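Please keep the sequence and the 3D view open while going through the points.

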Amino acid sequence: MRMVMLGAPGSGKGTQGQRLAERLGVPHIASGDLLRAQVRARTELGRLVAGYLDKGRLVPDELVFDLVLPVVLTAAEAGGYVLDGFPRSVAQAVKAEELAPDSAGPERVIFLAVPEELLVRRLLERAAAAGRSDDTPSVITDRLRVFESETRPLVDHYRARGLLREVAGDLPADEVTEAIAAVL
Ligand code: AMP
């Protein structure tokens, strides 16, 4: 099964994506994790993307595609994936549709709908707990703005293709997991 998790920062798509991947027996591919690993490993790519991550801006498409697309294609051939954080814009979705065969594209897209006040509260809690460089109050505001302008239009993009399933993400995590299982 090939799935895309769509949701704002703090919507729980990481947690739910991992659970779903485990349930489906496919890899959980999180573009943010792949990018942060490059930064930690101090690779050339990591050096190029670090500033975008710190500021909560989207990394340029070419860099993201070079890193993420091969992983997605390999997983698609091996039986599926749960994608988290990619595509992040309609432009990325269209480009991925052009570069990858239909047989590698998503069969379902889960949109985790969460009110903004709750997103901010969760991100600030995560900031206190994990210390990610982009979990500071001002960067959190920017990331939510980037979500609204760049990523939310994907909801309509996938709805128009009949792939979208919307799930309320403001419930306890176990209930969200059950709600996702129910719409698959
Ligand atoms: P995430 O862990 O999904 O919240 O992503 C963390 C950061 O990685 C984002 O704020 C972006 O800077 C970058 N990022 C992750 N995925 C993408 C993507 N598909 N396109 C561009 N930038 C991305």
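The numbered points below go through strands, helices and selected side chains in turn.

1. The structure discussed here is a predicted model. Every value in this note should be read with that in mind.

2. The pairing of strand β3. Strand β1, residues 2-7, runs parallel to β3 and is joined to it by 4 bridges. Within this pairing, R2 stands opposite Y81 of β3. Strand β2, residues 28-30, also runs parallel to β3, and 3 bridges join these two strands. Here H28 is the residue that stands opposite V82 in β3.

3. The pairing of strand β4. Strand β1 is also joined to β4, residues 108-113, by 5 bridges, and the two run parallel. M3 has R108 as its bridge partner in β4. Strand β4 in turn pairs with β5, residues 164-168, over 5 bridges, again in the parallel sense. In that pairing A113 stands opposite A168 of β5.

4. The buried face of helix α5. This helix covers residues 90-99, and its residues Q92, A93 and A96 are buried. Viewed down the axis of α5, the buried residues fall within an arc of 100 degrees, so they line one face of the helix. Against which helices do they pack? Their partners are α4, residues 61-78, and α8, residues 153-160.

5. Residue Q92. Q92 lies in helix α5. The relative accessibility of Q92 is 2%, and because buried means under 20%, Q92 counts as buried. Leaving aside residues up to four places away in sequence, Q92 touches V59, D61, V64, F65, F86 and P87.

6. The aromatic pair. How many aromatic pairs does a search of the whole structure find? The search finds 1. The ring centres of F65 and F86 are 5.2 Å apart and the ring planes stand at 75 degrees, so the pair is edge-to-face. F65 belongs to helix α4, whereas F86 is in the loop between β3 and α5, so the pair ties together parts that are 21 residues apart in sequence. Both phenylalanines are buried. Both are also among the residues that Q92 touches.

7. A charge over the ring of F65. The charged end of K95 sits over this ring, 4.8 Å from its centre. The ring of F65 therefore has a part in the edge-to-face pair with F86, and it also has the charged end of K95 over it.

8. Residue R122. R122 is placed in helix α6, residues 116-130. With a relative accessibility of 24%, R122 counts as partly exposed. Although R122 and G10 are 112 residues apart along the chain, their C-alpha atoms are separated by 5.8 Å. Not counting residues up to four places away in sequence, R122 touches G10, S11, G12, V114, G169, D170 and L171. One of these, G169, has its backbone oxygen 2.9 Å from a polar atom of the R122 side chain.

9. Residue L118. L118 counts as buried, at 15% relative accessibility, whereas R122 is partly exposed. L118 and S11 are 107 residues apart in sequence, with a C-alpha to C-alpha separation of 8.5 Å in space.

10. Residue T177. The place of T177 is in helix α9, residues 173-183. T177 has a relative accessible area of 16% and is buried. Which residues does T177 touch, not counting those up to four places away in sequence? They are Q16 and R19. With R19 there is also a polar contact between the two side chains, at 2.7 Å.

Conventions:
Residues are numbered from 1 along each chain as its sequence is written. This is a predicted model: local features need pLDDT of at least 70, side-chain atom pairs count only at pLDDT 80 or more; totals for chains, interfaces and linings use all residues. Side-chain values use heavy atoms; hydrogens and water are left out. Buried means under 20% relative accessible area, exposed over 50%, partly exposed in between (1.4 Å probe, protein chains only). A polar contact is a pair of N or O atoms within 3.5 Å; within protein, one must be able to donate a hydrogen and the other to accept it, and residues adjacent in sequence count only if both atoms are side-chain atoms. Contact means heavy atoms within 4.5 Å. The arc is that of the directions from the helix axis to the C-beta atoms. Rings of Phe, Tyr and Trp (its six-membered ring) pair if their centres lie within 6.5 Å; planes under 30 degrees apart count as stacked, over 60 as edge-to-face and the rest as tilted. A charge sits over a ring if NZ of Lys or CZ of Arg is within 6 Å of the ring centre and within 35 degrees of the ring normal. Two strands pair if DSSP finds at least two bridges between them.
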